[in-house]
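This report examines how selected parts of a protein structure are arranged and how they touch one another.

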Amino acid sequence: MKKWITGSMALMVVGSVVAGCGNNEESGGEDKVLRIAMGSPGEAMIAVWEEIADEFESANPGVTVEYTFQDDDTYQTVGLPNLLSGNNAPDLYFEWAGERLYNRINDGFAADITTQLEESGLGDMFAEGSYNGMTVDGKTYMIPTAGDVTNVIFYNKQVFDELGIGEPQTWAEFLAACEAVKASGMTPITVGNLDLWTAGNWIGHLLSRVVGEDAYSNALQLEEPFQSDDFVQAYTLVQELWDRGYVNDNINAISDSESDMLFLNGQAAMHPIGSWLVPTALEEAPELEMGYFNLPTIEGGKGDQGSVIGVLNGMVVNAKSSMTDEAIAFMQLYSSDESSAKLSAAGAVPITTTGLDRDNTPELSIRLNDLLAEAPTVVAPPDTGYSIEVANALNTATSQVIGGAKSPADALKQLEETVAPLKK
Amino acid sequence: MLRKASPYLFALPAVLVFAFTILVPIVMTFAFSFYDWNGYGEMRFIGLDNYDRALHDRIYLSSYTHIFIYIAATVVLEVLVGLGLAGLITMGRKGSSLFRVALFTPVMLPMIVVSFLWRFVYNSDFGLINTVLRAVGLDSWTQVWLGNPDTALLAICFVSGWVYAGFYMTIFYSGIQRISKDVYESAYLDGAHEGHIFFRIKVPMIRGLVKTGIMLCVLTGFQSFDLFYVMTNGGPYNSTEIVPTYLVKVVFSHMSTGYGSALAVILTLVIAALGLLANKLGRKGDALEY
């Protein structure tokens, strides 16, 4: 066991050294190299990136664009830090807005690009809301490329119409809707929480609504305890969902995709998941009439009841790079309407104000896009905004409460014990 | 001079490869375990803190309980069931070769395939088990097999038995085949029936193999990973968390390489201690008299 862990560590080190050597030789030429790093966006998207690179190279003689596409998981964990601390660090790299970006800024890897964005006009290509989590003290550190609402509650319109249920606006209406669906013999809500992030996202949003965004964020950064009356109160709402039989009984045994299928096959009326369900739904169940609503408002909650949970991401210019202007120019090309059209064709939802092809993008995707852009408050999901270890502990507690295994107080007590060694 | 050095020079490449792939990683893991380190950033020496944390880590400690339950269950479901099956297929009845092949088939399937297959079998909505239970009117027996902390671990043990019983059966089968036919013949003449032959002749005469089988089962128990990873990944509520799945979470998801190294070192010590213990116990009474 331990052999292969360190073995792979060693491999990684060797790998990066070898990669480093390769790059050194290439940069020995006259060309300047613009290095861009990201998690692999899939073949169709890579083709678009390559196309944009070719265009950029022909418009800027003397500059070569060099991509590093890594496996998504690797990039998110060891990959990017390795690249940044390596010899040939990327000049432009993909990152998630919020906590992760703030860490890069603190570590000195993110350049303040406020003036460049203004002067080049690139900054005006995005709505103000698209910069959520990308600015610190009025300085902008990121060029937005995409946004995902990580949780809304999708529902089966046909079922809702038959039962005469409207989109619930409040938690009480939501519970009433669940009750009506349950009475008709159908599972009201399906969640596939095998990997913990699904309910983790949904209930994370609920937690932030009840305890307030600051308390939620501070708790996840271990600055405030999880064991508080507010958290207990929030989890009590969750416990109720299980006790009343509103969620599927195999919630912690099936994966997110299995749960997607249950919903798309019409076996459950509601499915709390992220915006990525839309393309899946169009492909797998084109005849399904699907709607969505944001988490209903919770009376007495201390958070912003209009908040949206989601992640925005974008490209960061490395503060240590000497190619800032080239990087900005590249992103300008990337954000142009022509590129956006290519990106749309490859399945992406461009985030520029004019790039979104409103006629050829699914209506639900557009509405979700707008929901995020117009959100008064954007809440970061536990597992992308914060330490993954704390997030896992919180998500475990969530799974225990929503699966009926532990009472809110017990789950929170155990959560406190789990994160205790991390408070140093 | 060169003559003296030449044997060492010949051995050098092999030694270097061994050192780089096995020796250095082991030593490094041991060294990492004293640091607070995320795998790439700054390393901070923290002495025995990681070990102290491990001994108070609820999930880590319970993962040992789970692995011991798993090992105990698989010794029965794999080795003992395998032994019983080997006894049955060596009775020389018609069609036993068909059973031999059928029972060995699961061993040939990749573990990942088996894991996914059984996830469908256990699925509470459309899985084979619950469907059958409902069909025969035993609705109250249906379970969310992999989502219930009381049944998840046993469900995994059963799959492990389903796969490896055939493997141990094959080993024991070959052992039993080597027993001389004369022994059976004289036993039959003395009026022995199949039960006697199994317990008094077949099992005692392959006792060495059975011991090896149990040892193999215990030690490979610590290496199981794929089945747990695919079927539950430690869930629900860490009730099927075993050391390897937890290690992967700590090192590759939590990015606590230092802490993970300490966990790995402790696991190694536990396995080594068990190996020594088994070795001591195994020395006694190896002689077989009949």
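## A covered helix in chain A

In this predicted model, helix 13 of chain A, which spans residues 324-334, is mostly covered, with eight of its 11 residues buried. The buried residues are Thr324(A), Glu326(A), Ala327(A), Ile328(A), Phe330(A), Met331(A), Leu333(A) and Tyr334(A).

What does Phe330(A) contact, once its neighbours within four places in sequence are left aside? Its contacts are Leu34(A), Ile36(A), Trp49(A), Ile52(A), Ala53(A), Phe56(A), Val65(A), Tyr67(A) and Leu92(A). Another residue of helix 13, Glu326(A), is touched by Val63(A).

## The nonpolar cores

Phe330(A) also belongs to the largest nonpolar core, which has 69 residues. Together with Leu34(A), Ile36(A), Tyr93(A), Ile143(A), Phe154(A) and Met290(A), Phe330(A) is among the residues that touch the most other members of this core. Each of domain 1 and domain 2 of chain A supplies at least three residues to this core.

Chain A is divided into domain 1 (3-147 + 313-367) and domain 2 (152-309 + 374-422). Taken over C-alpha atoms, the centres of these domains are separated by 31 Å. How many residues of domain 1 are in contact with domain 2? Nine residues of domain 1 are in contact with 11 residues of domain 2.

Strand 3 of chain A comprises residues 92-96, and since five of its five residues are buried, the strand is largely enclosed by the rest of the structure. In a regular strand the side chains alternate between the two faces of the sheet. Both faces of strand 3 are covered: Leu92(A), Phe94(A) and Trp96(A) are buried on one side, and Tyr93(A) and Glu95(A) are buried on the other.

Strand 3 of chain A pairs with strand 1 (residues 32-39) of chain A in the parallel sense, through two bridges. In strand 3, Leu92(A) stands opposite Ile36(A). The pairing of strand 3 with strand 10 (residues 308-317) of chain A is antiparallel and extends over five bridges. Here Tyr93(A) stands opposite Val316(A) of strand 10.

Leu80(A) is located in helix 3 (residues 72-85) of chain A. Is Leu80(A) buried or exposed? The relative accessibility of Leu80(A) is 0%, and this residue therefore counts as buried. Apart from residues up to four places away in sequence, Leu80(A) touches Gln70(A), Thr74(A), Tyr75(A), Tyr93(A), Phe94(A), Glu95(A), Arg100(A) and Arg104(A). Among these, Tyr93(A), Phe94(A) and Glu95(A) are buried residues of strand 3. Leu80(A) and Ser228(A) are 148 residues apart in sequence, and their C-alpha atoms are 36 Å apart in space.

Val63(A) is part of strand 2 (residues 63-70) of chain A. With a relative accessible area of 9%, Val63(A) is buried. Although Val63(A) and Asp31(A) are 32 residues apart along the chain, their C-alpha atoms are separated by 5.5 Å. Not counting residues up to four places away in sequence, Val63(A) touches Lys32(A), Leu34(A), Phe56(A), Glu57(A), Met323(A) and Glu326(A).

## Strand 8 and its partners

Strand 8 of chain A, residues 268-273, is mostly covered, with six of its six residues buried. Strand 6 (residues 143-156) of chain A runs antiparallel to strand 8 and is joined to it by four bridges. Val152(A) stands opposite Ile273(A) of strand 8. Strand 7 (residues 187-189) of chain A pairs with strand 8 in the parallel sense over two bridges, and Ile189(A) stands opposite Met270(A) of strand 8.

Thr398(A) lies in helix 17 (residues 388-402) of chain A. The relative accessibility of Thr398(A) is 1%, so this residue counts as buried. Beyond residues up to four places away in sequence, Thr398(A) touches Ala199(A), Gly200(A), Ile203(A) and Tyr235(A).

In chain B, helix 7 (residues 152-177) has 26 residues. From its first C-alpha to its last, helix 7 reaches 38 Å, close to the 38 Å expected at 1.5 Å a residue. At Tyr164(B), helix 7 of chain B bends by about 35°.

How values were computed
Residues numbered from 1 in each chain as written. Chains lettered and ligands numbered in written order. Predicted model: local features only at pLDDT ≥ 70, side-chain atom pairs only at ≥ 80, totals over all residues. Heavy atoms only, no water. Buried < 20%, exposed > 50% of the residue type's maximum accessible area, 1.4 Å probe, protein only. Contact = heavy atoms within 4.5 Å. Expected span 1.5 Å × (residues − 1). Bend = angle between axes of the 7 residues up to and from the residue. Core = buried A, V, L, I, M, F, W, Y, C linked by side-chain atoms within 4.5 Å. Domains from an automatic or database assignment. Pairing = 2+ DSSP bridges.
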